[in-house]
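This report walks through one protein model, from the overall fold down to single residues. Please look over the sequence and the structure first.

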Amino acid sequence: MKFFHPTEPIFRRKQEALDVQDLKGLLQLHLQIQEKKLVSLLYTRIDQVFVLWGLICAAIFFTAQFAPISWTAQAIFWSVLSVAGCIGMSVLTNFWVKIEHLRWVLYGWVALMLIGVVVTDLGIFLGWGWVLMNLCNLWLVLSALGYIFTGIGMRSRAFILAAIVHIAAIFLLPYVAGYQFLATGIAMTATLLIFAETQWDMRPPLEENDRLTAKQQQFNKEQYKLRQASL
């Protein structure tokens, strides 16, 4: 059995045949004039997490690039936003990661984000120059690590590709010396929003799942077949 599924697209348009765990907390946005549908968007709780962190990354790195705010104030700002993001991520993904047996992925991301916050704050408050000079590298590395174990856990090439993009961004930073925070913010935010707006590859539903009823497991298998049929 292959670890990844090479016949499945890495990214494709979102599907409406969603599993039980994706339907819970689903956010639907529809815009239409009379009978004409203009926009129809679906955001699972996982998608909502991507949007949440995308906004957080944009706020943090664009503020660091353009706002004339002291490093101390920014450290407080970053810390509050990051902790809020971790809490929001944990609440939104709690049901999904239990069903998918991927709680370790959630714990890993929370750990990486908190490590980043602690190291960043220590660098700022203690005046560690080497940390301040490599903040963008730090966060890109932490994000890359998160995408790597997410890709392994979900058996997803999309997340491995995201890790490669973040690692590549590290090597490109010297070429945008005066705009490293902007470049980092764009790389991290764009990646997150792409995940929020597309359907990415992942392993099939688990054959046996002790957190779902037999009816729910059968429903997930049928939804998976519908998604595969649309390839």
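Does histidine 101 count as buried, exposed or partly exposed? At 39% relative accessibility, histidine 101 counts as partly exposed. Buried means under 20% relative accessible area, exposed means over 50%, and partly exposed lies in between (1.4 Å probe, protein chains only).

This is a predicted model, in which local features need pLDDT of at least 70, side-chain atom pairs count only at pLDDT 80 or more, and totals for chains, interfaces and linings use all residues. Residues are numbered from 1 along each chain as its sequence is written, and side-chain values use heavy atoms, with hydrogens and water left out.

**Overall fold**

The protein has nine helices and four strands. Both are DSSP runs numbered from the N terminus: helices are H or I with at least four residues, strands are E with at least two. Along the sequence the order is β-α-β-β-α-α-α-α-α-α-α-β-α. The radius of gyration is 19 Å, close to the 17 Å that the globule rule gives for 231 residues, so the protein is as compact as a globular protein of that length. That radius is taken over C-alpha atoms, and the rule is 2.2 Å times the number of residues to the power 0.38. The C-alpha trace spans about 60 × 45 × 30 Å along its principal axes.

Of the 231 residues, 47% count as buried. Contacts with a separation of 6 or more come, for 71%, from residues 24 or more positions apart. Contact means heavy atoms within 4.5 Å.

The protein exposes about 12,400 Å², and carbon and sulfur atoms supply 68% of it. Areas come from the Shrake-Rupley method with a 1.4 Å probe; for residues, only the protein chains shown count as cover. The mean positions of the 18 positive and 14 negative charges are 2 Å apart. Lys and Arg count as positive, Asp and Glu as negative; His and the chain ends are not counted. Each charge is placed at NZ of Lys, CZ of Arg, CG of Asp or CD of Glu.

**Two loop residues with positive phi**

Histidine 101 sits in the loop between helix 3 (71-99) and helix 4. Its phi is positive, about 55 degrees, although it is not a glycine. Most residues other than glycine have a negative phi.

Arginine 155 occupies the loop between helix 6 (135-154) and helix 7 (157-172). Just after helix 6, arginine 155 takes a positive phi of about 55 degrees. Arginine 155 is buried, with a relative accessible area of 15%.

Helix 6 is mostly covered: 15 of its 20 residues are buried. Its 20 residues should span 28 Å at 1.5 Å a residue, and the end C-alpha atoms are 28 Å apart, which agrees. The expected span is 1.5 Å times one less than the number of residues.

Helix 8 (residues 180-197) has 18 residues, which should span 26 Å; its end C-alpha atoms are 26 Å apart, which agrees. Among its buried residues are Phe181, Ala187, Met188, Leu192 and Phe195.

**Buried helix residues**

| Residue | Relative accessible area | Contacts |
|---|---|---|
| Isoleucine 124 | 11% | Trp71, Thr72, Ala75, Leu132 |
| Threonine 184 | 1% | Phe61, Cys136, Leu140, Leu173 |
| Glycine 185 | 0% | Phe61, Phe62, Ala190 |
| Alanine 158 | 1% | Ile10, Phe11, Phe195, Trp200, Asp201 |

Isoleucine 124 belongs to helix 4 (residues 103-125). Its C-alpha lies 10.0 Å from that of alanine 73, 51 residues apart in sequence.

Glycine 185 and glycine 127 are 58 residues apart in sequence and 23 Å apart in space, C-alpha to C-alpha.

Alanine 158 lies in helix 7. Among its contacts is Phe195, one of the buried residues of helix 8.
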